[in-house]
Amino acid sequence: MERLQKEDYIHGGTQKDFYDEGDREFCNCPLCGKDDYLILDSDRGLSVVKCKSCELIYTNPRAKDAQENYFGDATTFYNEARLIFQGKKTHHRDKNYEYELKKIKKIKKNGRLLDVGTNMGFFLRKAKELGFETEGVEPSASLAKIARDNWGLNIHTAFLEQAKLSQDHYDVITLIDVLEHVTNPKELLKTSYSLLKKDGIIAIKVPNGDYNHFKMKLAKKTGKDKNMDIWDCCEHVVYYTPKTFRKMIEDCGYKMNTCFIPPPIHSPIWANLVGHYHQYPSPFILDWKRITLRNLLYYLGKIEFALTGKTKFGLDLMFIIEKK
Ligand SMILES: [Zn+2]
């Protein structure tokens with residue numbers, strides 16, 4: 001099979017340029033459990049498929065131990081964000097986090113907030129600043145230590161299911177840019193259910209699967225699909241749409257409170273500029289075309305979502321859910 005040429009730079013994760021038989025695994029549909037699908041796209045030896053029964057889009061075969069992508073080297077991770085820890089730079093997602101927390105605060109002003117998949121704690125430090133009593137769960141020991149040492153956060157080094165947390169305890173559980181990495185989302189949502197207070201809420205942000213699908217079709221038409229990481233399928237294992245997300249949460253005993261399109265993430269382009277990934281924003285002028293395009297899609301997506309309840313333009317989706 002053709003080996004894709006990837007921009008080569010140092011990063012903290014364990015993503016590969018190609019996944020051969022020993023590096024990948026087949027799975028049943030994470031939503032309905034069936035094994036009958038259509039292949040939408042293939043990249044790096046992995047495939048993105050759509051379940052014929054429930055329409056969930058997921059990676060199959062996916063990277064083995066996909067959830068351990070970020071179990072990488074602590075020094076590399078730290079250096080990606082050193083200037084942020086030193087208080088000299090902001091994080092490129094800070095504005096996103098502030099917006100997301102504002103939406104959460106409209107429903108829960110304060111209380112115990114548990115962040116699942118805390119990474120280096122950039123989101124959780126904002127939640128703490130805004131007055132929540134915070135705790136995090138992060139399975140990567142190197143990332144959890146960085147979050148503890150630099151922000152003084154209370155982080156459990158574990159997957160949520162193994163963390164042995166108190167039941168009926170949390171007012172808010174957050175999964176920000178996390179659920180798309182989770183291979184057994186139903187198990188995670190059911191565990192969260194038991195940890196949440198009766199009137200607690202869960203805030204979940206994921207990339208929009210309908211946008212990825214739309215982008216793929218457009219890229220195939222224009223012959224540009226081989227140069228784009230359309231699905232991020234070495235990291236992402238499920239691609240939610242408003243429809244499949246709703247089915248997933250209802251199967252786990254939740255109901256929808258709010259769904260909306262959050263402002264887009266403007267990923268920095270340091271890797272192209274200096275050969276290393278850095279977490280702080282890159283200069284607008286060097287990436288203005290893509291930033292402008294993402295902002296345009298955001299506003300188009302908001303209009304489309306308001307009119308039709310679905311969107312192919314919104315890059316991400318955010319949901320606030322509660323117990324039935
Ligand atoms: Zn299915």
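Which residues of H3 are buried? In this predicted model, they are Asn-96, Tyr-97, Glu-100, Leu-101 and Ile-104. These residues cover an arc of only 125° around the axis, which puts them on the same side of H3.

Let's look at the helix as a whole. H3 spans residues 94-107, 14 residues in total, and reaches 21 Å from its first C-alpha to its last, close to the 20 Å expected at 1.5 Å a residue. If you turn to the face pointing away from the buried side, you will find the exposed residues Lys-102 and Lys-106.

Now for a sheet elsewhere in the chain numbering. Strands of a sheet pair through backbone hydrogen bonds, either parallel or antiparallel. Here, four strands form an open sheet in the order S2-S3-S4-S11, and their pairing is antiparallel. Strand S2 (37-43) and strand S11 (238-239) stand at the edges with a single partner strand each, so one side of each is left without a neighbour in the sheet.

You can follow the pairing of S2 with strand S3 (residues 46-51) in the structure: six bridges join these antiparallel strands. Within this pair, Ile-39 stands opposite Val-49 in S3. Helix H7 (residues 209-222) packs on the sheet, where it touches S2, strand S4 (57-59) and S11. The direction of H7 makes about 65° with that of S2.

How values were computed
Residues numbered from 1 in each chain as written. Predicted model: local features only at pLDDT ≥ 70, side-chain atom pairs only at ≥ 80, totals over all residues. Helix = DSSP H or I, 4+ residues; strand = E, 2+ residues; numbered from the N terminus. Expected span 1.5 Å × (residues − 1). Buried ≥ 20, exposed ≤ 12 C-beta atoms within 10 Å, placed from the backbone. Arc of directions from axis to C-beta. Pairing = 2+ DSSP bridges. Contact = placed C-beta atoms within 7 Å. Axes fitted to C-alpha atoms, helices over the stretch in contact; angles between N-to-C directions.
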